[in-house]
Amino acid sequence: MDEHPNPLAVSGRQIIDNIHEGIIITDAQGAIQATNPAFCAVTGYTPLEVIGLNPRFLKSGKHDATFYQHMWTAINEKGFWTGEIWDKRKDGSEYIETLTISVLRDKDGQVTHYLGAFFDISHFKKTEENFLHMSFYDPLTNLPNRALFRDRLKLALNQVERSNKLLSVLFLDLDRVNVINESLGHDIGDKLIVQVARRLESTLREGDTIARLGGDEFMLLFPGINHIDDAMKLTEKVLDSLRPPFNIDGQELFITASVGISVYPYDGEDANTLLRNADTAMYRAKGQGRNSYQMFTPEMHVEAHEQLSLGNSFRRALDRNEFVLHYQPQTNIGTGDIVGVEALIRWQHPDFGLLPPSRFIHWAEDTGMIIPIGEWVLRQACQQSKKWQGEGWPHLRISVNLSALQFRQKNLIDLVTRVLKESGLPPDSLELELTETVVMENVGPSISVPHSLRAMGVRFSIDDFGTGYSSLNYLKRFPANTIKMDRAFVSDLSVDSKDAAIATAVIALGHGLDLTVVAEGVETDSQLNILKDLRCDNMQGFLFSHPLPAEDLEGLLKKSHRFQEATLFAFSHPEAGSSPGHSTI
């Protein structure tokens, strides 16, 4: 008699022996009773080596206990589980498979066996990874290509807009590489390009990006710089890295480069403009003798002096009542009703006109003046909101941004309590906005502060959602009411399936946690229509209105109880440039 009788009939045995999926059959206690040839081919084990063992010996170690707990919960409750899982072969190598585990029961409903059917998808995963890599990386240098550089530039632009720092784009063209190609051959030229790429990579800071556009052209991205001088210093470091000779197949070669620099926001507020202006500046550098760099325009030097003048007058701006608030409405996507407004600070400079926060917030944070300025914003916004409520909009909510320094104030609860009492604004009419990064950094010792304010009725919104940390555990701990989907995932909704997938996930996550989801940066009808289909709650962006002075917003409130297509831009307030210039106080 067979020591281990086959649990299947002969016909069933023939079926599983001839299918391409690996099969494992265990008894109710989990001991393996049968496998098929496909199982042996994938794992490297023979049937005699595994009969009687529990399949856990195949574990790769890549999954934690929670993963397996969820798997068995599904098996016990639903009768099956399907998913991707990493296992380990006899030789120790790991593979990924799609696995389905099903429960087999007798006529009385008792579990008799477990059936596992799997398919090794390692090859498909590797092919997918290779395809994605080829789509976004240069095959010669393995650097990001133009497409990936543009994606990173767009994301960096959204991040620096919130951090109120600068960003520089460098267009670098190697000088006279064609001479080397023509005299020594393209093979030598390619090896030179690879060594140049490694030299340029060595100059990068964390968060910087270098890309090869093709030929002898490279682009570098330096986000998060504080001053225009920083862009020039980084460029000099790049050029210095190319000065030592290159040794290519025993030949010593020297190479120089011409570099053009554009700086956000002075030389452009969008990716296309910055790239174009950096390219223009590079050709100017070539025209001036090569082996040098050139800022986009000589006016940038004038701008630097202007910044110095602004810095000198900044400390007196608050005392001189030069700060003003503009308000950008948030509308319900389903009804078109204005449900809230975000307070955004501006500096009405006597000489330079109305300035966005990107021109002065860095001084506020560096000098600590963000604290008194932030208190001024909070008080003015609450007073204005109370005034609007008294004029017939009792449910209008006001949103005020808090910086990291403000959030860490020991007296934040007392400040908010005092301002609400002075203004008479109900606590649930105030929503405090913090960026995702600030929330993540403060979910530890400072978590009691938002909980105390939330207990008072004050609401919280997580701004720039999706651009911070990968862990979402903070959402369970932070008493948020709203998440604002970052504009980076809204701008290309109609043309980028990945952005649409991310937006779908963010909205589903928000609704699953009983949070209101606001889409930022909505500028087109197509974006709005997609957000409607995805059942996003609210929107904020130029499609409905630019940030407006209080008196202009009052007119919008009176005339736009409902969002109608015919009046999309009728009450928008024109501002310099085409970028939102979103504030961060």
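The model is predicted. Strand 13 is largely enclosed by the rest of the structure, and a search of the whole structure finds 23 salt bridges. Asp-27, by contrast, is buried and has no salt bridge.

**Strand 13 and its partners**

- Strand 13 spans residues 323–332, and eight of its 10 residues are buried, so the strand is largely enclosed by the rest of the structure.
- Strand 14 (residues 338–349) runs antiparallel to strand 13, and nine bridges join the two.
- Within this pairing, Val-324 stands opposite Arg-346 of strand 14.
- The two strands form a hairpin with five residues between them. Gly-336, in the turn, has a positive phi of about 85°.
- Strand 22 (residues 548–549) also pairs with strand 13, in the antiparallel sense and over two bridges. Here Tyr-327 stands opposite Leu-548.
- Strand 21 pairs with strand 13 over two bridges, again in the antiparallel sense. The bridge partner of Thr-331 in strand 21 is Met-539.
- In a regular strand, side chains alternate between the two faces of the sheet.

**Helix 20**

- Helix 20 covers residues 525–533, and its buried residues are Gln-527, Leu-528 and Leu-531.
- Viewed down the axis of helix 20, these buried residues fall within an arc of 100°, so they line one face of the helix.
- The cover over the buried residues of helix 20 includes strand 19 (482–485), strand 20 (516–520) and strand 21 (538–540).
- Arg-535 follows helix 20 and has a positive phi, near 65°.

- Asp-27 lies in strand 1, which spans residues 22–27.
- Asp-27 is buried yet forms no salt bridge. The nearest side chain of opposite charge belongs to Arg-56, 10 Å away.
- The Asp-27 side chain does reach backbone nitrogens: that of Gln-29 at 2.9 Å, and that of Ala-31 at 2.9 Å.
- Leaving aside neighbours within four places in sequence, Asp-27 is in contact with Gln-33, Thr-112, His-113 and Tyr-114.

**His-227**

- His-227 sits in the loop between strand 8 (217–225) and helix 9 (228–241).
- The relative accessibility of His-227 is 43%, so this residue counts as partly exposed.
- His-227 and Lys-165 are 62 residues apart in sequence, and their C-alpha atoms are 8.1 Å apart in space.

- Side chains of opposite charge can pair when their charged atoms come close.
- Glu-94 forms a salt bridge with Lys-62, and the closest N and O atoms are 3.6 Å apart. Glu-94 is in strand 4 (residues 94–105) and Lys-62 is in the loop between helix 3 (47–50) and helix 4 (65–78), so the pair ties together parts that are 32 residues apart in sequence.
- Glu-375 forms a salt bridge with Arg-379, with the closest N and O atoms 3.3 Å apart. Glu-375 and Arg-379 are four residues apart in helix 13 (residues 370–390), so about one helical turn separates them.
- Glu-375 also meets Arg-418 in a salt bridge, at 3.7 Å from N to O. This pair links distant parts of the chain, with Arg-418 in helix 15 (residues 412–423) and Glu-375 in helix 13, 43 residues apart.
- Glu-375 counts as partly exposed at 23% relative accessibility, and Arg-418 is partly exposed with a relative accessible area of 34%.
- A network of salt bridges links Arg-162, Glu-342, Glu-433, Asp-463, Asp-464, Lys-484 and Glu-520.

Terms used. Residues are numbered from 1 along each chain as its sequence is written. This is a predicted model: local features need pLDDT of at least 70, side-chain atom pairs count only at pLDDT 80 or more; totals for chains, interfaces and linings use all residues. Side-chain values use heavy atoms; hydrogens and water are left out. Buried means under 20% relative accessible area, exposed over 50%, partly exposed in between (1.4 Å probe, protein chains only). The arc is that of the directions from the helix axis to the C-beta atoms. Contact means heavy atoms within 4.5 Å. Lys and Arg count as positive and Asp and Glu as negative; His and the chain ends are not counted. A salt bridge is a side-chain nitrogen of Lys or Arg within 4 Å of a carboxyl oxygen of Asp or Glu. A polar contact is a pair of N or O atoms within 3.5 Å; within protein, one must be able to donate a hydrogen and the other to accept it, and residues adjacent in sequence count only if both atoms are side-chain atoms. Two strands pair if DSSP finds at least two bridges between them.
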